[in-house]
Amino acid sequence: MHKPMSASVRRSAFVLIPCLAASLLALPLVIHGLPDYESHLGEEYQPLKTFKFFQSRGREFHKWGPADNFLYAPGYALSLLYWKHQGTFGPASSRFPYGFHRPLQQLTALILQSRILVLSLVLISLAALGVGLARAGFSREAAFFALLLCAATNPTMIWHAVLLKGDGPMIAFSSLALGTYVVIVRRTLTIARALWFSTFIAWAVTAKEFAVPLFALPCAALAFRALRPAQSPQLRSGYMRSLAVGLATLVGWYALLNVIYAPATWLKRIRYVLSGAADPEIWGAPDRSPFDFLLEIFKSLANNLGPGGMIAAVGCIPVLIWLRPQRSLWLALPLVSFVLLGMLPTGYSPDRFALPGALALIPLIACTVDALRERMASRSGRLTFALAALGGINLLYANIAWLQLRSTPEGLIETYVRGHLAKEERFAIFSFWPRIPGKSRLETFGYGLDTRPIAMVIRSPSALPKTVFITSEQQRWVEDFVRRPKRAAMVAEETGFEPNDWECFKGLGYRLADRLNSPLPGWYPFGFFALPAESIGRTVLVYRLD
């Protein structure tokens, strides 16, 4: 009984080891900042996004797709039913505490189960991508190193595999679709593969529309493949049936997940996406040249892939051109499609925008490894050693995924408030939007958080908080209003905060009293790389009223 299981584990080690490494790196993120009323790893809206979605029957507008709502809903429903049976939930309300009788503990439980669910989904999907590479004919060694270098030691991917927003589900379903695509390319298109490929694409796009550029050219190429004159009529007929099934499945799933229950809301979201939601005039750095933008793309890819992954990614290009392994051009299509249709037109490139590009590199690196192993049959041990060295470097680099937690603004502010401020002293945390009174850890501890939006704080000189916290990044962003008028106009329209308000703030008597940051530990050697350097440079500014 033990021998077959042991053999099965050994056969699966090429995907289990990368996933185990990623899960260990992600574990500190899963439990970070809890207990709390909401998750503060990034711009997150769960579990309220799901509650509003189902309470409104899908009509509640949100800028991100509803895929995560469908994923989290069964777990939320079971928890709510259990609490209702216990008598600790109900009646439901649209206002805080939303019907929870123990909101801190219950919302914490929902956040924790959501983080565990999305991380598990991402890890299982990456493992399935690795299995897809093996099924397509790549060696287990090639699949192992491709997963390790591009995904398991990718700190941005690890971070977004825990974050409660659309990127995690997009990564998961894009991985599943990419694994199916590799099998289709290296074998052939069948009805079953077309069905699964289209299903995964529909879910990935429903999670976040940024998955569209990843699969646009691959899907077009699969469609044009049917026009090849060398095919027999019987093969062409079977291929066309598979294409028809794939197209019907894609349209059907997308309509079911997005359109049918609330077509007006879907149209509103599509207009939002197409109207320049990612406008570089708003979100990009000012006075940036085309060369600066290309450098930003390179930097975002480097932050994802780390030093080992970047060496492998850059090295695979000349190797593939030199050796030209079978189907390598087809395998390059997802990456080419994403760069040409996704990254370049967007106009700016934060690290999360490079996530699909990092995924698209996995089949290419696997293809490169096998091509080199075949070419260097007598020296394959040297290749394995070199790849293992790159993987080891990346494993060390990827610790920035959880080391970043030391410099999160929420943690720095909480430590300062509990160590320096009296409980009766009111303070504000810079925010364009109002905060819900009572919905913060610091208020739970008895501290006086001013929940007003910053524009209202500034315009009320008679009720100014003694201390105001703002991150250095927020301050730069606001000070760039002068050079980014579209950004200033958007903020003014949505929040009421005017560019002049910042000048008024400085005239109210506030002085910079302290800078809060957390250096990386001495054992971490990559502080000079872009992503770790950003973590080191992350600072919370403390303004005190004279």
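**Close-up views of a predicted model**

**View 1. Helix H13 gives the largest share of the lining of the second largest pocket, eleven residues.** This is a predicted model, in which local features need pLDDT of at least 70 and side-chain atom pairs count only at pLDDT 80 or more, while totals for chains, interfaces and linings use all residues. Residues are numbered from 1 along each chain as its sequence is written, and side-chain values use heavy atoms, with hydrogens and water left out. The pocket holds about 540 Å³ of space. Its lining has 21 residues, and those nearest the centre are Ala313, Ile317, Leu335, Leu361 and Leu364. Two or more lining residues come from each of H13 (290–323), H14 and H15 (355–375). Helices (H or I, at least four residues) and strands (E, at least two) are DSSP runs numbered from the N terminus. A pocket is an open set of points on a 1 Å grid over the protein atoms alone, where a 1.4 Å probe fits, with protein on both sides within 12 Å along at least five of seven lines; lining residues have an atom within 4 Å of a point.

**View 2. Leu294, Val336, Leu340, Leu341 and Leu344 make a nonpolar surface patch of about 410 Å².** Helix H14 (residues 328–346) gives the most to this patch, with four residues. Leucine 340 lies in H14 and is partly exposed, at 47% relative accessible area. Patch residues have over 30% relative accessible area and no salt bridge, and nonpolar side chains (Val, Leu, Ile, Met, Phe, Trp, Tyr) are joined within 5 Å. Areas come from the Shrake-Rupley method with a 1.4 Å probe; buried means under 20%, exposed over 50%, and partly exposed in between.

**View 3. Arginine 459 and aspartate 501 meet through their side chains in a salt bridge (2.7 Å, N to O).** Arginine 459 is in the loop between helix H20 (454–458) and strand E3 (467–471), and aspartate 501 is in helix H23 (residues 499–507), so the pair ties together parts 42 residues apart in sequence. Aspartate 501 is buried at 6% relative accessibility, whereas arginine 459 is partly exposed at 46%. A salt bridge is a side-chain nitrogen of Lys or Arg within 4 Å of a carboxyl oxygen of Asp or Glu; the structure holds 16.

**View 4. Lysine 506 and glutamate 503 form a salt bridge, with their closest N and O atoms 3.5 Å apart.** The two are three residues apart in H23, about one helical turn. Lysine 506 is partly exposed at 44%, as is glutamate 503 at 48%.

Key. Patch = residues over 30% accessible without salt bridge, like charges linked within 9 Å, V, L, I, M, F, W, Y side chains within 5 Å. Buried < 20%, exposed > 50% of the residue type's maximum accessible area, 1.4 Å probe, protein only. Points joined across faces, edges and corners; volume = space filled by probe spheres on them.
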